[in-house]
Each structure stands twice: as C-alpha cells, then as structure tokens.
Protein chains: 2
Amino acid sequence: MSERIDAHGAASGVVADLAALLGDRLTTSADERAQHGRDESYHPPRPPDAVAYPVSVEEVQEIVRLCARHGTPVIPFGAGSSLEGHVLALRGGVTVDMRHLDRILEVNAEDMDVVVEAGVTRLQLNRHLRDTGLTFPVDPGADATLGGMAATRASGTTAVRYGTMRANVLGLDVVLADGALIHTGGRARKSSAGYDLTHLLVGSEGTLGIIVRLRLRLHPVPEHVVAAVCAFPSVERAVDTVIAAIQLGIPLARAELLDERAMDAVRRYSRLDYASTPTLFFEFHGSDAETRADADHVQRLAEERGGERFRFATTTTERDRLWQARHDAYPAALALRPGARGLTTDVCVPISRLTECIAETKADLVAASIPVVLLGHVGDGNFHLAFMVRRDDPTELAEAQRFADRLVERALRLGGTCTGEHGVGIGKMKFMEREHGAAIDTMRRIKTALDPQNLMNPGKVIPARASASHA
Amino acid sequence: MSERIDAHGAASGVVADLAALLGDRLTTSADERAQHGRDESYHPPRPPDAVAYPVSVEEVQEIVRLCARHGTPVIPFGAGSSLEGHVLALRGGVTVDMRHLDRILEVNAEDMDVVVEAGVTRLQLNRHLRDTGLTFPVDPGADATLGGMAATRASGTTAVRYGTMRANVLGLDVVLADGALIHTGGRARKSSAGYDLTHLLVGSEGTLGIIVRLRLRLHPVPEHVVAAVCAFPSVERAVDTVIAAIQLGIPLARAELLDERAMDAVRRYSRLDYASTPTLFFEFHGSDAETRADADHVQRLAEERGGERFRFATTTTERDRLWQARHDAYPAALALRPGARGLTTDVCVPISRLTECIAETKADLVAASIPVVLLGHVGDGNFHLAFMVRRDDPTELAEAQRFADRLVERALRLGGTCTGEHGVGIGKMKFMEREHGAAIDTMRRIKTALDPQNLMNPGKVIPARASASHA
C-alpha cells in the first residue's frame with residue numbers, strides 16, 4: 001500500500017505528482033525536511049520525505065488526494081510548537097506546512113466570531129482585531145497557529161476564564177482522507193442538527209483530517225485588567241488559595257503557579273526581584289470596581305493561607321513586568337542546563353484533588369537527579385513538570401520518564417487525565433488504554449471509518465490494537 | 001437480518017429471550033406499546049413491538065446484546081417529551097424505557113459536578129441538590145430525563161447564560177450497539193486525551209448508543225434573581241433590545257419573547273393582566289447590586305426601543321407570577337384549538353440576522369390559516385413557531401409544513417440551523433443534506449462504524465444515502 005519516497009534521488013510517483021501541482025512549493029531539501037520533522041519537545045526528530053506549502057484549500061485537497069492515491073502519509077504542520085511529537089513523520093510521507101493559509105477571512109463584530117485560515121497564528125489574529133474591541137483569548141504561550149491549537153485542543157493560562165479551544169471553536173472546514181472538504185458547525189449560537197463533528201475534530205491531531213479553516217468565538221476586550229503576584233511558604237498553600245477563590249466564584253482570568261525551583265530559575269535568568277518561593281500570578285478582567293474587589297478578595301484569601309508580598313499592577317507596563325517571571329519560566333528552566341530539552345508532563349485532575357496530587361508529586365521529586373520545575377494552570381487543575389533532559393542520554397530520559405509515568409498514574413488514580421492541553425501525539429499514547437478503557441476501541445473504529453488507509457498523521461493518538469478484545 | 005416480532009401472538013425469539021432476562025419488566029401490552037410509540041409532537045404514533053424496563057446498566061447491555069443477536073431495533077425512551085418523533089418505532093423493535101435508572105450516584109460539591117443515571121429528570125436532580133447551594137440550570141421546559149436531554153442536545157430558556165447540554169455534560173457512560181459499555185470524558189476540567197466522544201454522543205439521539213449515566217456540571221445557585229417583563233410595539237423592537245443587551249455584555253440569564261398572538265392566547269388561558277402585544281421576559285442572576293444594575297440597564301435599552309410597562313419582581317412568588325405567561329404559553333396555544341397538536345419549528349440564526357429572520361417570518365405568516373404563535377429564546381437567536389394543527393387533516397399539516405419549510409430555508413440562508421434545541425428525529429431529517437453538505441457522509445460513516453447493523457434508533461437523524469456520491 002505504502003509507497004516509500006526516494007527523497008534523495010529521483011523523485012518517485014507522489015513527489016513528481018506533487019511537484020507538478022506545486023512547483024517549488026514542494027521540496028525535498030534536507031534542511032526543510034529536518035525543520036519539519038521536529039517540535040519543541042524531547043522526542044527525537046523524524047523528518048518527512050517531502051514538505052508541501054499549499055496556498056489554498058483546493059491545493060490541500062489535491063495534495064491529500066495524491067497522497068491517498070500513492071498510499072503516502074500526510075502530516076499537517078502549523079508552527080511546530082507542539083510538545084508530544086505530533087509532527088514527527090514516523091512513517092515518512094509528506095508534511096503539509098500551513099503557513100501560506102494565513103488569511104483572516106471574516107470578522108463579525110455583531111456575532112463576535114471570526115473565520116480564519118488554519119495557518120493564522122493567535123498573535124496575528126489579535127493584532128488584526130486590535131481596533132474592534134474584541135479578542136481571541138486562548139493563550140498557550142507559544143504563538144501557535146489556530147489550526148494547530150484546534151488540532152491539539154490547546155488552552156493555556158486563560159482557560160480558567162474563557163475555556164479551551166473546545167469552547168472557542170464554533171466550526172471547522174476540514175479536508176478528509178479522500179480529499180473531500182467538509183464544513184462543520186456554523187454561525188448559530190447553538191444547534192441540535194446531527195453529530196457534533198466540530199468537537200470530534202477538535203483534538204484529533206490531524207489523524208482524522210486536516211483543519212483548513214476555523215470559525216472562532218471572540219470575546220470583548222476586558223474593560224480593565226489587574227495583575228497580582230503573591231508568594232507562599234508552600235505549593236500546597238498556594239494551590240489552596242486558588243481552590244478557595246474558585247469555589248467562591250471569584251472570576252479569575254488567569255491563576256498560574258510557579259514552584260520554588262521555577263522561581264529560582266527565573267531569578268537567575270531574568271534577574272527579577274522575586275523570592276525563590278512558590279508564587280501565584282493572577283489576572284482579573286472586568287470593570288474597574290470588579291477587578292479591584294476581586295483582587296482584594298483574593299489577597300485576603302492568600303493572606304489567610306500564609307501568602308505574603310502581595311503586589312498589584314494595573315498599567316500594561318507594570319503588568320508585563322509583574323508577569324515577566326511567568327512568561328520567562330520555560331526559557332529560564334531550559335537555561336538551567338544549556339543544550340537540554342524539556343520533557344514536559346501535563347496532567348489535569350479535579351480541583352478537589354489538586355493539592356493532594358501536587359503534594360505527592362513534590363514528595364516524589366525529592367529523589368530526582370535532573371533539574372525539574374513545576375508550572376501550573378492551577379485554576380483548571382492542570383500543571384506541568386518540565387524535566388531538563390539531555391536528549392541523547394538514555395539514562396536521563398529513562399529517569400525523567402519514570403517520574404512522568406508515576407505522575408500520570410497518580411493523576412488517573414485521582415480521576416484526572418494524562419494530558420490537559422498538550423495532546424497525545426506519540427508521548428501520551430501509552431496511557432490511552434488505561435485512561436479510556438473500551439472507549440479506545442470506539443475511537444479506533446472512528447479513525448478506521450474516516451481514514452481507512454491510515455494515512456492521516458499515522459502513528460499518533462490511537463495506539464495500535466492490543467491483543468485484548470472489545471468488550 | 002431483521003426479525004420481526006409477533007407481538008400479538010406467540011413471542012418470537014427476542015421477546016422470549018428478553019422475558020427470560022426481565023420477567024414482567026418486558027411487556028407487549030398494547031397500552032404500554034402505544035404509550036411508548038408517541039411523543040409530544042404532531043408525528044403519527046409508531047408503537048414498538050415490546051417495551052423493556054431495565055433496572056441496571058448491565059440489563060441495558062444485555063437487552064442490546066440480545067437485540068443485536070436477533071437483528072431487532074432498539075429505541076431508548078426517557079420522558080417521551082421530545083418534539084421530532086425521536087422515540088417512534090419506525091421499524092418496530094424494542095423500546096428501552098429508562099425510568100428505573102433513576103439514581104443520583106455522586107454529588108461533588110467541591111468540583112461542582114454530579115453523576116446521575118439517565119432516567120433521572122432535571123427537576124428530580126434539582127430537588128436533590130436543594131441544600132447544596134448548587135443547581136443544574138439547563139431548562140427545556142418539560143421535566144425531561146437528563147439522558148434524553150443529552151441525547152437531543154437540549155437547552156431552553158437559560159442557555160443564553162449557562163449554555164446547552166453540550167456545555168454541561170462532562171462525561172457519559174454509553175451502551176454501544178454490541179452491548180459494550182464505554183466511559184467518555186472525565187472529572188478533570190479539561191483534557192486533550194484523544195477524540196471527544198462525549199460531544200459526539202451528546203446530540204446523537206440514541207443512534208450511536210444508549211446513554212446510561214451522565215456526569216454533569218453544576219452551577220452555584222444565584223445569590224439573587226430578578227425577573228422583568230416589558231411590552232413592545234413590535235417583535236422587531238423587542239428583538240433589537242435583546243441584541244443590544246447581548247452586544248453590551250449584559251449577562252442575561254433568560255431572555256424570552258412571546259409575540260402578540262402568544263400573549264393573546266395566554267391572556268385567554270390564564271386571565272393574566274398582560275396586553276396582547278409582543279413581550280419580553282427577562283431574568284438576571286447575580287448579586288443584589290449586579291442584578292439591579294443589569295435590570296436598570298435593560299430597562300433603558302428597552303425604553304429607547306419603544307418598550308413600555310416594564311415591571312420587575314424579586315421575590316419568588318412575584319417572579320413566578322410575572323413569568324407565568326411564559327410558562328403557560330404552550331398549553332395556552334394548544335387551548336386555542338381543543339384537540340390540536342403542535343407542529344413546532346426550531347430554527348436558530350446568528351444574533352445579527354435574528355431581527356431579519358423574524359420580520360420575514362412574521363410577514364410570511366400573515367397568510368397562515370392555522371393558529372400559530374411565536375416563542376423565542378432570542379438571546380440565542382433561537383425561536384419557535386407552534387402551529388396548532390389537527391393531526392388527522394392532511395391539508396392543514398401540509399400548509400403548516402410549507403410555512404415551516406420556508407422558515408428553515410430562510411434560517412439556512414441567513415447562516416442558521418434547522419434545529420437549535422429540539423433535535424433532528426424524523427422531522428428535520430430532510431434538511432440535513434442541505435445544512436451539512438458533504439459532512440452528512442462523514443456522519444453516516446461514523447454511524448455505520450459504530451452501528452453496522454443499523455439497529456440503534458434506526459431511521460433517525462441521518463437520512464438514507466442519496467444517489468449523489470461523496471465529494
């Protein structure tokens with residue numbers, strides 16, 4: 001079925017067909033293949049055999065049709081900022097780089113929605129919206145493409161207030177495995193008209209089709225934004241403060257935790273005036289009165305739990321300075337060990353179990369020999385460990401992986417998930433059976449029904465069938 | 001493949017097998033079959049061949065397995081309050097009445113979620129939650145079962161604030177066509193772990209499996225509730241008021257429109273002190289200060305648009321009296337014509353097109369010879385016409401259907417959907433190709449993959465394959 005491309009010599013059928021379609025927007029250059037065979041993670045690169053740069057939805061359809069005809073895998077590529085190996089070409093094939101599908105097609109201020117091509121990035125969209133009073137608030141940190149964010153069901157620091165991509169994708173245009181283009185969802189605020197394909201495709205990581213356009217929900221730019229930072233004697237006390245705020249219904253727009261190691265890394269990296277102690281970073285959105293009242297309320301909750309050095313900021317410059325530590329956390333952690341890569345965990349547990357999960361995790365990490373920091377979107381019950389590993393040292397990788405595996409086991413025992421926002425890719429596949437049980441078989445049936453040749457980003461999300469039968 | 005049950009004589013294989021499993025909780029009595037072959041709509045009844053009353057999830061699994069073995073259709077049944085023929089036994093078979101799966105299994109106050117069996121009704125759940133400070137706010141009017149509400153992706157008067165069942169179902173336990181039980185979703189507030197089966201199954205109307213348990217999101221009981229009513233010189237002015245309020249971000253908890261005919265029907269039915277003029281019913285949830293400020297703001301918006309006789313209510317008794325007209329609207333409309341049934345439309349359009357859609361619809365209805373009222377969840381862009389038809393008069397049915405069809409065409413032209421909240425059932429199937437295009441083929445592939453024998457509520461949601469090929 002599969003036709004391996006000879007990328008280094010004479011182009012075989014699919015490359016010749018694609019080159020005829022795309023001209024020099026089809027490349028087999030080693031550099032470009034290498035750039036597209038890796039993401040921001042520790043996973044070893046796996047370059048594709050060729051990279052295609054379509055400029056239209058019709059070209060994406062034609063690329064997929066040609067690959068289907070030749071039995072060649074197709075891997076969509078956005079900004080390459082994913083963390084679980086989603087873009088690696090495990091079985092070779094053609095990577096479809098979406099960068100030229102970067103048009104913002106509609107802004108509907110009255111209905112507060114927008115239609116974009118999949119290669120538009122979130123910062124590009126927000127620049128475009130600057131004068132509309134509207135914003136797209138989902139913020140995973142990286143300037144990811146919106147297609148990639150939908151494909152991985154991304155979220156980030158603002159999900160506690162605005163929800164994840166699941167809540168903010170209203171509809172999709174998707175090229176399926178046979179090249180057909182489908183439209184899902186729509187402009188009405190609600191619909192009961194048939195199966196919810198939009199939400200089946202959000203989070204499907206390119207394994208069911210390629211997202212080419214998205215209709216997204218916009219939100220009003222908040223009238224007023226207040227940032228606040230508070231230091232705590234322990235991670236547990238910090239987490240308890242956030243849980244109390246959530247249970248009291250205080251509308252947190254962001255609630256981020258950095259543990260003492262992350263704060264220490266940031267201090268060294270950015271020479272910021274912070275203590276090396278667990279620290280919460282908050283943001284409040286609303287009217288002037290609301291945000292001040294909310295911040296005051298959270299300050300009281302924090303101080304009751306041992307929080308100190310509570311600081312506010314209301315101007316953009318002050319806010320940016322206050323939050324700089326949070327923004328620098330990942331590069332600061334990487335700087336702990338030049339040349340290292342981040343092996344990042346992503347569990348998410350029910351809020352009621354978060355303190356317990358973090359406490360057990362911190363106790364476990366006492367034995368770690370590798371630098372590791374903890375960063376948390378604690379308002380969602382989601383936190384990350386980032387182990388700074390040398391990718392070419394199997395002993396280190398194995399050690400970090402053992403800690404990461406124990407953390408997932410812990411999260412699943414507490415009713416959580418192996419991935420809150422990064423997606424499955426190849427890194428979390430081994431937990432899928434454990435987390436989903438018989439439902440994995442249902443996912444597999446859907447995958448087979450929509451991609452019978454298994455050419456759409458193969459080897460990701462759904463593990464190969466185990467010997468256990470369907471029950 | 002299919003084994004027709006001889007329900008009136010000696011039981012054939014499947015009835016004998018089911019009777020052996022369920023004893024007298026399997027019935028072929030004509031009365032019970034008739035009760036289960038109809039819903040609240042104008043669709044002619046189609047009784048099943050037998051009705052099963054399981055008391056456990058395991059029994060549901062066994063019923064489905066036995067029906068699969070005999071090639072017998074299986075139709076889940078909640079409260080029978082659906083409006084599009086969802087429960088009709090088009091091809092005979094066994095109706096599975098979920099009334100005995102009525103246990104509330106978990107209430108997690110800290111995480112604000114609950115686990116219920118599918119036969120629990122929304123009022124039963126809210127009675128159970130009375131002392132917790134939490135509530136399940138989705139309110140379709142009828143005291144539907146929560147399983148049925150999830151199956152039809154129901155919503156109702158509070159969706160403008162709390163979302164539909166899509167936003168409020170966190171996970172499901174579902175019995176698939178082969179009797180397998182799967183668990184979807186989970187307790188974490190977010191997850192990127194694989195395909196979102198929860199949202200594929202919400203709105204699938206029993207065609208992919210039978211929902212047996214649900215994990216639902218709860219909300220805090222609002223601190224304060226203010227109701228308000230305002231009369232308008234025209235439906236358009238009323239709708240404009242709601243659109244203005246939404247675009248200003250005023251958090252409406254409910255925003256319901258009754259047209260002059262609906263108000264007139266209510267006046268006759270309930271002898272209420274209202275004018276026969278288009279009227280908006282509002283509810284505001286929040287703190288004392290917030291709700292008063294919001295209501296004042298909406299009053300100003302209404303008065304700027306010709307609204308008058310603006311009335312408030314804050315106590316439960318006053319609120320109930322103020323809202324009685326809205327609650328009585330459907331029975332009042334039915335009382336216009338004793339013996340009639342409601343043929344109900346359910347379009348939902350983008351908010352920006354709602355005024356236009358309603359104005360064109362009102363103009364079209366001038367020619368109607370059948371009593372018809374307009375009720376709208378206008379904050380969502382969703383409104384209903386209810387034609388009071390004599391079900392046995394084909395001329396009347398055909399006339400009402402022509403108006404309804406034109407309304408759907410209008411809504412689709414304006415970027416809307418044929419059904420905002422009632423679901424497809426059999427009544428909206430004819431619009432599915434038009435609304436979804438090639439995506440219907442994707443839905444069909446999923447249906448075939450999960451229910452290869454086509455035994456799960458067959459003949460609903462997905463129209464039979466047309467001659468047009470997949471492109």
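## The interface of chains A and B

In this predicted model, 71 residues of chain A are in contact with 71 residues of chain B. The two chains bury about 5800 Å² between them, and 56% of this area lies on carbon and sulfur atoms. On the side of chain A, the residues that lose the most area to chain B are A:Arg189, A:Lys190 and A:Tyr195, which together account for 17% of what that side buries.

Ten salt bridges are found between chain A and chain B, and 36 residue pairs are in polar contact across the interface, both residues having pLDDT 80 or more. One of the salt bridges links B:Lys190 to A:Glu421, with the closest N and O atoms 3.0 Å apart.

Which elements of chain A give two or more residues to the side that touches chain B? They are α6 (159–162), β9 (181–185), α8 (197–201), α9 (235–247), α13 (351–365), α15 (432–436) and α16 (439–450) of chain A. The element that gives the most is α16(A), with eight residues.

## The relation between the two copies

Two copies of a chain are related by a rotation about an axis and a shift along it. Here, chain A is superposed on chain B by a rotation of 180° with 0.0 Å of shift along the axis, and the RMSD is 0.0 Å. This is the relation of a two-fold axis. Both copies use the same surface, as 100% of the contact residues of chain A recur in chain B.

## Strands and their partners

Strands of a sheet pair through backbone hydrogen bonds, either parallel or antiparallel.

| Strand | Partner strand | Sense | Bridges |
|---|---|---|---|
| β12(B) | β14 (residues 279–286) of chain B | antiparallel | eight bridges |
| β12(B) | β15 (residues 308–313) of chain B | antiparallel | four bridges |
| β2 (residues 50–52) of chain A | β4 (residues 94–97) of chain A | parallel | three bridges |

Strand β12 of chain B, formed by residues 224–231, is mostly covered, for seven of its eight residues are buried.

In chain A, four strands form an open sheet in the order β1-β2-β4-β3, and the pairing is mixed. Strands β1 (26–27) and β3 (74–77) of chain A stand at the edges; each has a single partner strand, so one side of each is left without a neighbour in the sheet. Within the parallel pair of β2(A) and β4(A), the bridge partner of A:Val51 is A:Thr95 in β4(A).

Residue B:Asp173 lies in strand β8 (residues 169–175) of chain B. Is B:Asp173 buried or exposed? Its relative accessible area is 12%, so B:Asp173 is buried, the limit for this class being under 20%.

The side chain of B:Asp173 makes a polar contact of 2.9 Å with the side chain of B:His183. Not counting residues up to four places away in sequence, B:Asp173 touches B:Leu181, B:Ile182 and B:His183, as well as B:Ile210, B:Ile211, B:Val212 and B:Arg213.

Conventions. Residues numbered from 1 in each chain as written. Chains lettered and ligands numbered in written order. Predicted model: local features only at pLDDT ≥ 70, side-chain atom pairs only at ≥ 80, totals over all residues. Heavy atoms only, no water. Buried < 20%, exposed > 50% of the residue type's maximum accessible area, 1.4 Å probe, protein only. Polar contact = N/O pair within 3.5 Å; in protein donor to acceptor, adjacent residues only side chain to side chain. Contact = heavy atoms within 4.5 Å. Least-squares fit on C-alpha atoms with pLDDT ≥ 70 in both. Pairing = 2+ DSSP bridges. Buried area = accessible area lost by both parts, 1.4 Å probe. Salt bridge = Lys/Arg side-chain N within 4 Å of Asp/Glu carboxyl O.
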